[in-house]
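Please keep the model open while you read these notes.

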Amino acid sequence: MKSLIKIFAASAAALLAFACQPKVLPVEISVQLFSDNEVLAQNGVTVSLADAAGTATFEAVTDAAGIAKFTVNPGSYTATATFKNVENGKRVVYNGSNTAILVAAGPAEAPFKLELQKIESQQLIIKELYSGGCMKNDNSSAYQNDKYIIVYNNSEFEADASDLVIGIVNPYNANSSNRYYSGDNLVYANENWIPAGGGIYCFKNPLTIPAYSQIVIAVFGAIDHTATVSASVNLANAEYYWMANTDIPGYTMAKYVAADVIPASHYMSGYQINMGTAWVLSNTSPALFIGKMDAASLKALCTNTDAFDETAGTGNINWAAKFPKANVVGAIEVFGAATLDASHYRFPSDINTGYAKLTNQKGYSLYRNVDKEATEALPENAGKLVYNYALGTQDVDGSTDPSGIDAEASIAAGAHIVYLQTNDSSKDFHQRKLASLKK
Amino acid sequence: MCGYKRLLPLLLAVLLPYVLSAQSYSVSGVVTDKNSGEPVEFATVVLQASEQWAVADEKGRFTIANIHPGKTVISTSCLGYVTDEMEIVISKDITNLKIKLAQDNLALEEAVVTAKENSNSATTSRTIDKTALEHVQMMNVSDISSLLPGGATQSNTLTSEKRFDIRAASGESGNSSFGTAVEVDGVRLSNNASYSDIKGVSTNNIASANVESVEVITGVPSVEYGDMGSGVVKINTKKGKTPWSVTMSTSPRTKQLSVGKGFGLGYSKSGAPAGVLNASLEYTRSISEPMSPYTSYQRRQMSLIYSNLLSSGVFASKPLRFSLGVTGNLGGLDNSSDPDKFLETFLRQRDNSLRANFTASWLLSLPWITNLELSASTVYSDKLTRENKNYHESVTQVALHSREQGYLMSEPFKEGAANLAVMIPAGAWYNVSAIDDRPLTSKVTLKANWARNFGAVNNKLKVGGDWNFDQNFGVGLYNENQALAPSYREYRYCDNPAMHNFAAYIEDNLMVPIGKGRLNVIAGLRNDNTYIKGSAYGLTSSLSPRFNAKWSVLDESSRRRKTLRALSFRGSWGVAVKQPSFSILYPVPSYMDINVFTSTASADNVVYRAYYVQPRTIEYNGALRWQKNHQAEFGIDTDIAGNKISLVAFYNKTIDSYMLQTDYERFKYTYTSTADVQGLPIPAGDRIYTLNPSTGVVTVNDKTGTLAPIDATNSTRKQFISKTFEDNQLSPVTRYGLEWVVEFKEIKPINTSIRVDGNFYSYRSYFSNMEAYGPTTSTGADGQPFKYIGYYYGGDGNANGKESRTVNNNITIVTRIPKVRMIISMKLESSLLKYSRSLSDRPDGIRSYSIPSRAEFLNIDGAPSIYDGESYAALFPDYFVSWDNPEPQPFLEKLKWAKENDPEMYSDLSRLVVTSNYLYQFSKDYISPYFSANFSVTKEIGDLASLSFYANNFFNNMGQVWSTKTKTYSSVSQYIPSFYYGLTLRLKF
């Protein structure tokens with residue numbers, strides 16, 4: 001009985017003591033998104049708020065002013081937010097945190113600032129370039145009319161590719177005499193343009209590319225090349241596009257044709273800049289770029305001879321259009337394996353550094369490496385990624401994809417692949433033993 | 001003209017009294033070997049003043065009758081002997097004249113291994129004899145060009161064609177090599193019946209081992225020589241009784257084996273000589289690359305020359321000598337054994353030829369005629385080229401064979417059908433293409449001469465005529481499998497008419513003593529009449545007057561102990577006319593094949609293609625003039641204390657050079673895009689495309705008959721298409737220069753002589769024809785075919801001409817050791833000046849403008865001359881036409897207007913502006929001096945054998961030369977041959 005009295009007395013004392021402490025009330029706070037010290041008025045972004053002990057995490061979604069509201073007890077918190085978007089045709093990732101959110105008792109006067117870092121990458125990328133050709137069945141010589149380019153939407157958003165253009169930079173071969181060099185300096189390195197030679201191709205009809213999807217562009221012959229060259233590729237596919245010569249009277253190299261299965265709406269058009277009788281894509285070492293430009297601007301660029309550059313040589317033969325750097329979306333600089341020492345960079349470093357090495361005439365293609373971290377981070381890829389990539393050419397003085405992910409096999413398994421974009425062709429591309437269209 | 005017509009009657013009036021009044025004598029004697037005393041059979045004895053001759057019999061005896069009195073040189077020559085010359089005065093019959101000939105070998109003190117100046121000639125002429133030819137181990141007769149003043153040694157492979165180019169350099173205007181006449185034993189080798197480039201004959205198929213001597217006339221030649229521009233090369237083969245000779249030569253690139261003999265055929269029972277038969281066989285194989293000795297040029301040549309003298313019976317007092325020669329060559333280039341080429345591909349180029357000639361010289365010794373000479377020759381060549389190529393196409397291709405204007409759709413090959421546009425299935429195949437080129441050149445010459453002394457004056461009159469004939473019996477380009485042949489058009493060379501040329505000439509050669517010297521004047525006139533049956537050219541007539549004079553002030557024969565031992569001056573002027581080649585008269589037609597439709601590819605890669613075929617060559621240009629060369633030279637020859645100096649300055653002007661011109665004409669056609677037929681209801685595999693030949697409308701037919709035919713939509717395209725034609729270059733090509741040869745007196749103690757020879761050469765030419773150009777293969781700013789054509793003074797090149805000057809000098813040191821019959825020579829070839837500059841000229845000044853940058857081509861006001869310092873240059877057409885407005889419009893004015901008012905027009909017209917590639921386009925280019933040294937040695941081992949060795953560029957100069965134009969160094973190997981060497985063994989028995 002005594003014991004019970006003691007317990008009751010202690011409890012009563014404790015309750016009394018607790019009841020006498022001051023009361024702590026939750027506080028309503030707001031966190032506002034910023035980027036480059038400017039308010040980022042982005043609706044629908046989830047902001048996380050975690051207490052210092054890591055025991056509680058709150059989430060709220062921003063309103064139209066980019067403000068997320070929380071009701072929390074006073075204390076120390078860390079706010080984080082990340083979101084992806086497409087701005088001006090570029091894939092944009094905003095990401096940031098604020099570890100110094102100190103919530104005091106009482107009403108908050110102003111939103112806490114959450115500064116987000118903006119990371120841009122191109123939405124449309126050159127995924128693969130097959131330009132080196134392969135050997136004919138009788139090994140008489142190389143077959144090189146089967147070139148193709150794959151442009152890929154490297155984002156989870158649908159891409160508008162209607163204004164996409166394809167061009168090449170003078171000189172066409174990396175090892176050719178390059179009159180754009182003054183000593184070791186590329187003379188247009190600090191200009192706002194690159195010299196687009198030959199011609200520039202564009203699409204005649206509106207074109208969208210779904211997320212993590214691609215378009216295949218047949219450069220010369222959009223036909224089944226395997227009919228006569230078994231090592232080649234079949235480009236007779238209704239979904240493929242063709243760099244047609246039919247709308248460009250000066251492109252008189254009529255031997256390039258398209259299979260009937262390719263709809264006329266997939267015939268590309270373009271502008272001839274100089275006197276070449278066909279669009280040129282080097283067998284050994286092209287400098288290929290993709291860009292974005294509306295039709296009117298493209299016509300003006302390619303027909304305004306006053307704005308042409310003639311550094312490469314006499315007018316009609318070597319004229320190049322000054323393609324604005326700001327309109328370049330992606331580029332690949334290729335050096336021929338046999339002529340590395342004689343090769344020169346044709347892209348300035350703010351567009352591309354490094355080169356992809358190509359041994360031509362063996363059916364090899366240059367294929368973009370997988371961004372392992374980003375790809376594995378996609379939740380939908382769980383269980384779908386295929387590893388142990390075996391189509392690299394490192395065993396024949398080539399290269400392989402360091403991610404180890406077999407992108408094409410993974411895509412076939414339903415995965416979404418995010419490719420690497422460092423704007424360094426030596427890091428972004430490897431030499432693939434088989435062109436990806438070679439099934 | 002009138003002057004020429006009066007010349008002949010005047011001469012006859014003056015000379016006729018002498019013709020009828022002179023008394024005559026005879027000269028007889030014996031020709032023996034200087035060493036053995038043996039008679040020299042078949043030695044030819046010639047009296048130079050009267051041009052009378054005799055041939056020694058088996059006892060060395062000879063007699064020349066009916067000789068008019070006077071002083072003359074009696075010249076005696078025979079194969080294997082040094083020609084002997086001595087002066088005699090004929091005032092009575094001379095009997096038992098003893099002539100001793102020295103054998104021509106290295107035991108002689110005076111053996112010469114360089115080109116010898118022909119001191120008796122009134123124009124520049126040089127001879128390279130057997131000793132020199134053997135010493136340099138000539139494999140191609142054109143190699144002797146290196147022995148001319150300032151001549152440079154070239155690579156000695158036969159896998160590329162070589163030709164003579166006298167007083168000119170390669171790459172120059174004026175078709176100089178085409179104008180160099182080459183004769184072998186009087187047989188003219190001609191490229192007139194050729195349909196290839198306008199070039200001189202290749203000398204690759206002339207056997208070198210059988211050559212006895214080569215005479216090169218670089219000055220104004222006799223009017224005997226027609227159909228030429230500048231320079232005559234006379235190659236003389238071995239004729240006469242000789243022992244067996246076997247020659248074996250080797251160098252890393254060339255091997256040669258030859259056998260020859262001059263057979264004496266004895267005498268008939270009546271004592272008449274049966275003649276001499278010279279036979280020679282040569283096999284030569286040459287490769288271009290020792291590392292891959294499979295692609296080779298081979299020469300297999302056999303030559304038979306029969307010569308005889310008729311001196312009995314009716315010919316007893318009027319002997320007649322004649323020769324009949326046949327030479328056949330089988331050979332050419334062949335790469336079929338090259339393991340580096342692909343499988344069954346090959347290239348075989350025949351270089352077969354058959355040369356036949358007949359020459360008869362009849363010594364009439366009549367008061368009004370001395371000699372009558374008839375010669376006839378023919379050269380037939382077989383230059384068939386066969387090339388087997390490997391083809392691969394991933395879709396069906398079309399091969400066009402139509403020569404008619406109009407639309408054509410490709411169709412599968414059908415045996416017996418016209419097959420004008422053959423569809424070749426996709427896949428891989430081989431095809432042999434061939435060019436059958438079989439030119440024939442024939443010539444007949446009848447020539448009479450009349451030589452007399454009139455007191456101390458000697459006169460020789462020559463009258464002659466010739467007819468030459470050129471025809472080509474080849475069928476041109478053909479393919480051995482028409483079903484797989486690529487596009488080509490039949491053009492049968494043999495269907496074109498022959499070219500005939502009738503010429504008549506007269507030449508008088510007067511030798512007048514003046515003081516201690518003499519004056520030699522040669523005046524001649526040649527009239528050529530070229531007739532081409534059935535051609536627009538019809539009969540073309542031309543005159544070639546030529547004049548040579550030589551004043552020998554002091555004669556060496558009478559001044560052997562004086563310091564100034566000889567002095568002579570000579571001057572020449574003349575005109576030479578070059579007949580056109582068939583490539584000029586009947587250019588191979590070319591065609592503009594405009595692709596007007598390309599279908600989509602069916603599942604089995606069948607593609608139909610349609611073309612509009614437009615023939616674009618004008619076969620005849622009725623205004624074409626025959627190319628002419630005006631030549632003048634002045635020379636001084638002297639001997640100062642045994643040092644012989646020869647200087648000659650020359651000036652050549654070539655007018656009306658043959659050239660190819662381009663013009664354009666407007667054309668409109670129906671164009672059907674691939675997109676117009678894509679996705680039509682008729683399945684691609686069931687389609688047959690047809691074409692309306694009149695309208696160009698494409699119809700898609702269903703071969704199953706299920707669906708009705710569909711006419712494809714189309715559009716109209718307007719385009720300029722080019723055409724070409726032969727024309728004359730309006731501005732002349734001028735060349736002038738100075739040649740020197742200094743032969744220093746031999747340094748007796750060391751048996752060594754030094755020769756310095758060289759030349760200064762200057763060339764200048766600019767093109768002044770108004771020529772059309774438009775980038776018709778590019779797309780205009782409106783997205784349609786480019787629609788403007790510019791007309792440029794002197795063509796659309798940055799430069800319309802070039803000037804160059806060179807100074808080359810050679811120093812040859814020759815050491816003779818007659819006791820051991822050896823001769824050693826070292827030749828240092830040097831280029832001391834090598835200058836060139838591109839020109840952009842017109843009569844009223846400079847035709848290009850200096851511009852600050854290539855983009856600023858309109859910034860030309862106050863611009864400095866393009867020749868002042870470095871700058872980019874812009875060339876504008878004088879005027880232009882557009883497809884829609886064929887009226888010429890001033891270009892520059894319209895361009896400036898368009899810049900402000902019409903962006904599309906400005907964009908297009910600016911494509912007609914030609915800007916220079918480099919800042920230094922018109923800078924002077926001086927290439928720094930460079931050198932190369934050759935070493936040769938020849939050793940005779942008794943009379944049985946001789947051995948020659950040479951090493952060219954033996955210091956292996958692989959240095960660099962500096963260009964003041966590009967300001968860069970480059971390898972000297974582009975100017976001098978790489979180090980090479982060779983060895984030759986000759987056996988005589």
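1. Start with the domains of chain A. This is a predicted model, and its chain A is divided into domain 1 (27-120) and domain 2 (124-369 + 419-438). The C-alpha centres of domain 1 of chain A and domain 2 of chain A lie 43 Å apart. Four residues from domain 1 of chain A and six residues from domain 2 of chain A make the contact. On the domain 1 side, the classes are one nonpolar, one polar and two charged residues.

2. Next, the contact of the two chains. Chain A gives 38 residues and chain B gives 42 residues. What kinds of residues does the side of chain A that touches chain B hold? There are 15 nonpolar, 18 polar and five charged residues.

3. Now a sheet in chain A. Six strands line up as β21-β20-β13-β10-β27-β28 in an open sheet with mixed pairing. Its edge strands are β21 (241-242) and β28 (429-432) of chain A, and each pairs on one side only.

4. Phe880(B) has Gln889(B), in β55(B), as its bridge partner.

5. Turn to helix α2 (residues 295-303) of chain A. Its buried residues include Leu298(A), Leu301(A), Cys302(A) and Thr303(A). An α-helix has 3.6 residues a turn, so residues three or four places apart point the same way. What covers the buried residues of α2(A)? From chain A, the cover includes strands β15 (164-169), β18 (193-202), β22 (269-272) and β24 (320-324).

6. Check one loop residue. Val607(B) sits in the loop between β35 (591-598) and β36 (609-615) of chain B. Is Val607(B) buried or exposed? Val607(B) counts as buried because it has 29 C-beta neighbours inside 10 Å, and the cut-off for buried is 20 or more. Val395(B) is 212 residues away along the chain, yet the C-alpha atoms of Val607(B) and Val395(B) are separated by 6.4 Å. Beyond its neighbours within four places in sequence, Val607(B) is in contact with residues including Val395(B), Thr396(B) and Thr598(B), and also with Val257(A).

7. Finish with the nonpolar cores. In soluble globular proteins, nonpolar side chains tend to be buried together. The largest nonpolar core here has 136 residues. Which of its members touch the most other members? They are Tyr148(A), Val151(A), Ile200(A), Ala218(A) and Trp242(A). Strand β25 (residues 328-336) of chain A gives this core its largest share, six residues. Take Val151(A) as one case. Leaving aside neighbours within four places in sequence, its contacts include Leu124(A), Ile126(A), Ala161(A), Leu164(A) and Ile290(A). Lys127(A) and Gln214(A) are also among them. A second, separate core has 46 residues, including Met138(B), Ile206(B), Val216(B) and Val379(B).

Key. Residues are numbered from 1 along each chain as its sequence is written. Chains are lettered from A and ligands numbered from 1 in the order in which they are written. This is a predicted model: local features need pLDDT of at least 70, side-chain atom pairs count only at pLDDT 80 or more; totals for chains, interfaces and linings use all residues. Two residues are in contact if their C-beta atoms, placed from the backbone, lie within 7 Å. Ala, Val, Leu, Ile, Met, Phe, Trp, Tyr, Cys and Pro count as nonpolar, Asp, Glu, Lys and Arg as charged, and the others, Gly among them, as polar. Two strands pair if DSSP finds at least two bridges between them. Helices (H or I, at least four residues) and strands (E, at least two) are DSSP runs, numbered from the N terminus. A residue is buried if 20 or more other C-beta atoms lie within 10 Å of its own, exposed if 12 or fewer, and partly exposed in between; C-beta atoms are placed from the backbone. Domain bounds come from an automatic or database domain assignment. A nonpolar core is a set of buried Ala, Val, Leu, Ile, Met, Phe, Trp, Tyr and Cys residues joined through C-beta atoms within 7 Å.
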